[in-house]
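Colleague: I have a model open and want to learn how to read it. Where do we begin?

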Amino acid sequence: MSLQIQPVTLSAEQVADLKGKLADLRHDINNNVALLLSAIEMMRRRPETFEKMLDSMARQPNRISETVTQFSKALETALNITRP
């Protein structure tokens, strides 16, 4: 990863955009974690739902990863960070 040597200046609009994207990131990750916890609780209370809940749980890590990747790309673009 290549960092800028010079200071990076962001406009108020860029900062607001990044702030919104960070809020979305937190919201999306919290939702995915809530789904994981709900599935675990459902499996504890109703073991017959194991297969259905397991499928739901298996999708959450990829969703979290995609959300973090999208935010990381936006942040890297805003800060002019390049990858080799």
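**Reading the helices**

Modeller: Helix 2 covers residues 50-78, which is 29 residues, and reaches 43 Å from its first C-alpha to its last. That is close to the 42 Å expected at 1.5 Å a residue. Keep in mind that this is a predicted model.

Colleague: Which residues of helix 2 are buried?

Modeller: Start with the general idea. An α-helix has 3.6 residues a turn, so residues three or four places apart point the same way. Now the case here. The buried residues of helix 2 are Met53, Ser56, Met57, Gln60, Ile64, Thr67, Phe71, Ala74, Glu76 and Ala78.

Colleague: What covers the buried residues of helix 2?

Modeller: The cover includes helix 1. Take Asn32, which sits in helix 1, residues 12-45. Beyond four places in sequence, Asn32 touches Gln60, Arg63 and Ile64. Gln60 and Ile64 are among the buried residues of helix 2.

Colleague: Is Asn32 buried or exposed?

Modeller: Compare the relative accessibility with the cut-off: buried means under 20%. Asn32 has 7% relative accessibility, so Asn32 counts as buried.

Colleague: And where does Leu10 lie?

Modeller: Leu10 is in the segment before helix 1. Leu10 counts as partly exposed because its relative accessibility is 26%.

Colleague: What follows helix 2?

Modeller: Asn80 does, with a positive phi near 55 degrees.

Colleague: Let's step back. How many helices and strands does the protein chain have?

Modeller: The count is 2 helices and 0 strands. The radius of gyration of the protein chain is 18 Å, well over the 12 Å from the globule rule for 84 residues, so the chain is more spread out than a compact globule. The C-alpha trace spans about 60 × 30 × 10 Å along its principal axes. Of the 84 residues, 20% count as buried.

Colleague: How do I read the contacts across the protein chain?

Modeller: Look at sequence separation. Among contacts between residues at least 6 apart in sequence, 73% join residues at least 24 apart.

Colleague: Last, what about surface and charge?

Modeller: The accessible surface is about 6,500 Å², and 57% of that belongs to carbon and sulfur atoms. The protein chain has 11 positive and 10 negative side chains. The centres of those two sets lie 3 Å apart.

Conventions:
Residues numbered from 1 in each chain as written. Predicted model: local features only at pLDDT ≥ 70, side-chain atom pairs only at ≥ 80, totals over all residues. Heavy atoms only, no water. Helix = DSSP H or I, 4+ residues; strand = E, 2+ residues; numbered from the N terminus. Buried < 20%, exposed > 50% of the residue type's maximum accessible area, 1.4 Å probe, protein only. Contact = heavy atoms within 4.5 Å. Rg over C-alpha atoms; globule rule 2.2 N^0.38 Å. Areas by Shrake-Rupley, 256 points an atom, 1.4 Å probe, with all protein chains shown as cover. Lys, Arg positive; Asp, Glu negative; His and termini not counted. Charge placed at Lys NZ, Arg CZ, Asp CG, Glu CD. Expected span 1.5 Å × (residues − 1).
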